[in-house]
Amino acid sequence: MDKKLSKEELIDLIDSLNPKIKKSLKNTHYQDRNDLEQEIKLKIIESYEKIAAIEAPNFEEFLSDFLTKQNR
(Lines give C-alpha, C1' and ligand atoms only; values in the text may rest on other atoms or scores of the structure.)
Protein backbone atom coordinates (compact mmCIF):
# COMPACT_ATOMS: atom_id res chain seq x y z
CA MET A 1 0.00 0.00 0.00
CA ASP A 2 1.83 3.10 -1.20
CA LYS A 3 -0.64 5.73 -0.08
CA LYS A 4 -2.44 6.09 3.21
CA LEU A 5 -6.01 7.28 3.12
CA SER A 6 -6.69 10.85 4.16
CA LYS A 7 -8.99 11.54 7.09
CA GLU A 8 -11.80 12.36 4.69
CA GLU A 9 -11.29 9.13 2.74
CA LEU A 10 -11.28 7.11 5.95
CA ILE A 11 -14.50 8.81 7.04
CA ASP A 12 -16.00 8.03 3.62
CA LEU A 13 -14.97 4.39 4.06
CA ILE A 14 -16.66 4.19 7.44
CA ASP A 15 -19.75 5.95 6.05
CA SER A 16 -19.94 3.40 3.25
CA LEU A 17 -19.91 0.62 5.85
CA ASN A 18 -22.51 2.36 8.01
CA PRO A 19 -25.57 0.52 6.57
CA LYS A 20 -23.96 -2.85 7.34
CA ILE A 21 -22.97 -1.69 10.82
CA LYS A 22 -26.51 -0.46 11.52
CA LYS A 23 -28.02 -3.70 10.25
CA SER A 24 -25.71 -5.74 12.47
CA LEU A 25 -26.55 -3.60 15.48
CA LYS A 26 -30.18 -4.68 15.25
CA ASN A 27 -29.04 -7.95 16.82
CA THR A 28 -28.07 -6.18 20.07
CA HIS A 29 -30.01 -4.54 22.85
CA TYR A 30 -31.16 -1.01 22.06
CA GLN A 31 -29.26 0.58 24.96
CA ASP A 32 -25.96 -1.00 23.83
CA ARG A 33 -26.13 0.02 20.17
CA ASN A 34 -24.45 3.44 20.33
CA ASP A 35 -21.49 2.15 22.33
CA LEU A 36 -21.10 -0.87 20.09
CA GLU A 37 -21.34 1.27 16.95
CA GLN A 38 -18.51 3.47 18.23
CA GLU A 39 -16.41 0.41 19.10
CA ILE A 40 -16.91 -1.08 15.63
CA LYS A 41 -15.87 2.17 13.95
CA LEU A 42 -12.85 2.46 16.23
CA LYS A 43 -11.80 -1.10 15.36
CA ILE A 44 -12.11 -0.30 11.65
CA ILE A 45 -9.78 2.68 12.09
CA GLU A 46 -7.31 0.70 14.21
CA SER A 47 -7.28 -2.15 11.71
CA TYR A 48 -6.71 0.22 8.81
CA GLU A 49 -3.79 1.85 10.63
CA LYS A 50 -2.18 -1.55 11.26
CA ILE A 51 -2.58 -2.57 7.62
CA ALA A 52 -1.32 0.78 6.33
CA ALA A 53 1.80 0.50 8.51
CA ILE A 54 2.84 -2.79 6.90
CA GLU A 55 5.63 -2.25 4.43
CA ALA A 56 5.50 -5.01 1.89
CA PRO A 57 7.89 -5.14 -1.06
CA ASN A 58 6.56 -4.38 -4.50
CA PHE A 59 6.67 -7.10 -7.15
CA GLU A 60 10.10 -6.16 -8.51
CA GLU A 61 11.64 -6.12 -5.02
CA PHE A 62 10.03 -9.44 -4.18
CA LEU A 63 11.20 -11.05 -7.42
CA SER A 64 14.74 -9.73 -6.99
CA ASP A 65 14.91 -11.04 -3.42
CA PHE A 66 13.46 -14.39 -4.47
CA LEU A 67 15.93 -14.83 -7.34
CA THR A 68 18.85 -13.83 -5.10
CA LYS A 69 17.86 -16.50 -2.57
CA GLN A 70 17.46 -19.09 -5.34
CA ASN A 71 20.99 -18.50 -6.60
CA ARG A 72 22.60 -19.19 -3.22
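Which exposed residues does the face of H2 turned away from its buried side carry? That face carries Asp35, Lys50 and Ala53, where exposed means over 50% relative accessible area, buried under 20% and partly exposed in between (1.4 Å probe, protein chains only). The model is a predicted one, in which local features need pLDDT of at least 70 and side-chain atom pairs count only at pLDDT 80 or more, while totals for chains, interfaces and linings use all residues. Residues are numbered from 1 along each chain as its sequence is written, and side-chain values use heavy atoms, with hydrogens and water left out.

The protein chain has three helices and zero strands, both taken as DSSP runs numbered from the N terminus (helices: H or I, at least four residues; strands: E, at least two). Its radius of gyration is 19 Å, well over the 11 Å that the globule rule gives for 72 residues, so the chain is more spread out than a compact globule. The radius is taken over C-alpha atoms, and the rule is 2.2 Å times the number of residues to the power 0.38. Along the principal axes, the C-alpha atoms fill a box of roughly 60 × 25 × 15 Å. Buried residues account for 10% of the 72 residues.

Buried in H2 are Glu37, Tyr48 and Ala52. These residues cover an arc of only 40 degrees around the axis, which puts them on the same side of H2; the arc is that of the directions from the helix axis to the C-beta atoms. The buried residues of H2 pack against helix H1 (7-25).

Glutamate 37 has a relative accessible area of 10%. Its contacts (heavy atoms within 4.5 Å) include Asn18, Ile21, Lys22 and Leu25, leaving aside residues up to four places away in sequence. The side chains of glutamate 37 and lysine 22 are joined by a polar contact of 3.0 Å. Such a contact is a pair of N or O atoms within 3.5 Å; within protein, one must be able to donate a hydrogen and the other to accept it, and residues adjacent in sequence count only if both atoms are side-chain atoms.

Threonine 68 lies in helix H3 (residues 59-70) and is partly exposed, at 39%. A polar atom of its side chain is 2.7 Å from the backbone oxygen of serine 64.
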